[in-house]
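Thanks for coming, everyone. I have one structure to walk through today.

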Amino acid sequence: MEVFFFAEPDGTTTSGPALSFDENELVSNSVGLFFVGVDTTSIFLSYFFYCLGQNQDAQDRLREEIIQGVGEDFDYYEVSNLKYLDNVINEVLRLYPPATG
C-alpha cells in the first residue's frame, strides 16, 4: 500500500520507477482498505457499548450530556463539543485499541 502514498499523477513514484496497476489490483486493495476500516470501527463500537453497559454512571452522564448538548437536528460541530463523549471515546480506545500491531 505504501506505493499509493508516494505515487505521482504521471504514474511515477518519488522513490523510483513508474507504477502500473491493473483494475483487479486496484479494486482488491480498495476493498481491503474498506474492510479494515469497517472491522476496526465495529470492534471499537462493540467495546464502547460494552464499557457503557458495565458503567451505569458513565452511561447516565453521557446520556445527559447528549440530551443537553445537541438538538433534534444536530451536526458535526455540536457533537464535537460534547467533551464527556470525547473522554469516553478516548478511554475506550486506551483500554481496548482496535488495531494493535
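Is Arg-94 buried or exposed? Arg-94 counts as exposed, because its relative accessibility is 56% and the cut-off for exposed is over 50%. Keep in mind that this is a predicted model. I'll come back to Arg-94 in a minute.

Let's start with the overall layout. The protein chain has five helices and zero strands. Read from the N terminus, the order is α-α-α-α-α. The chain has 101 residues, and 14% of them count as buried.

Now, back to Arg-94. What does Arg-94 form with Glu-91? The two form a salt bridge. Their closest N and O atoms are 2.6 Å apart. As background, side chains of opposite charge can pair when their charged atoms come close. Glu-91 is partly exposed, at a relative accessible area of 34%. The salt bridge count for this model comes to one.

Next, a charged residue without such a partner. Glu-65 sits in helix α3, which covers residues 56-69. Glu-65 is buried, yet has no salt bridge. Which side chain of opposite charge is nearest to Glu-65? That is Arg-61, and it is 6.7 Å away. Why does that pair not count as a salt bridge? Because the rule asks for a nitrogen within 4 Å of a carboxyl oxygen, and Arg-61 is 6.7 Å away. Glu-65 does have a polar atom close to a backbone, though. A polar atom of the Glu-65 side chain lies 2.9 Å from the backbone nitrogen of Tyr-84.

Tyr-84 takes us to the pocket. Tyr-84 is one of the residues that line the largest pocket. The volume of that pocket is about 180 Å³. Which elements give two or more residues to the lining? They are α2, residues 23-54, and α5, residues 83-95. Helix α5 gives the most, with six residues. The lining includes Cys-51, Leu-52, Asn-55 and Ala-58. Also among the lining residues are Asn-87, Val-88, Val-92 and Tyr-96. Glu-91, the salt bridge partner of Arg-94, is in the lining too. By type, the lining has eight nonpolar residues, two polar and one charged.

Leu-95 lies in helix α5. Leu-95 is partly exposed, with a relative accessible area of 43%.

Lys-83 lies in helix α5. Its relative accessible area is 53%, so Lys-83 is exposed. How far apart are Lys-83 and Leu-62 in space? They are 9.5 Å apart, C-alpha to C-alpha, with a sequence separation of 21 residues.

The other is Phe-49, in helix α2. Phe-49 counts as exposed, because its relative accessibility is 53%. Phe-49 and Gln-59 are ten residues apart in sequence. In space, their C-alpha atoms are 9.2 Å apart.

That's the tour. I'm happy to take questions.

Technical notes:
Residues are numbered from 1 along each chain as its sequence is written. This is a predicted model: local features need pLDDT of at least 70, side-chain atom pairs count only at pLDDT 80 or more; totals for chains, interfaces and linings use all residues. Side-chain values use heavy atoms; hydrogens and water are left out. On a 1 Å grid over the protein atoms alone, a cavity is a set of points where a 1.4 Å probe fits but cannot get out, and a pocket is an open set with protein on both sides within 12 Å along at least five of seven lines; lining residues have an atom within 4 Å of a point. Grid points are joined across faces, edges and corners, and a volume is the space filled by probe spheres set on the points. Helices (H or I, at least four residues) and strands (E, at least two) are DSSP runs, numbered from the N terminus. Ala, Val, Leu, Ile, Met, Phe, Trp, Tyr, Cys and Pro count as nonpolar, Asp, Glu, Lys and Arg as charged, and the others, Gly among them, as polar. Buried means under 20% relative accessible area, exposed over 50%, partly exposed in between (1.4 Å probe, protein chains only). Lys and Arg count as positive and Asp and Glu as negative; His and the chain ends are not counted. A polar contact is a pair of N or O atoms within 3.5 Å; within protein, one must be able to donate a hydrogen and the other to accept it, and residues adjacent in sequence count only if both atoms are side-chain atoms.
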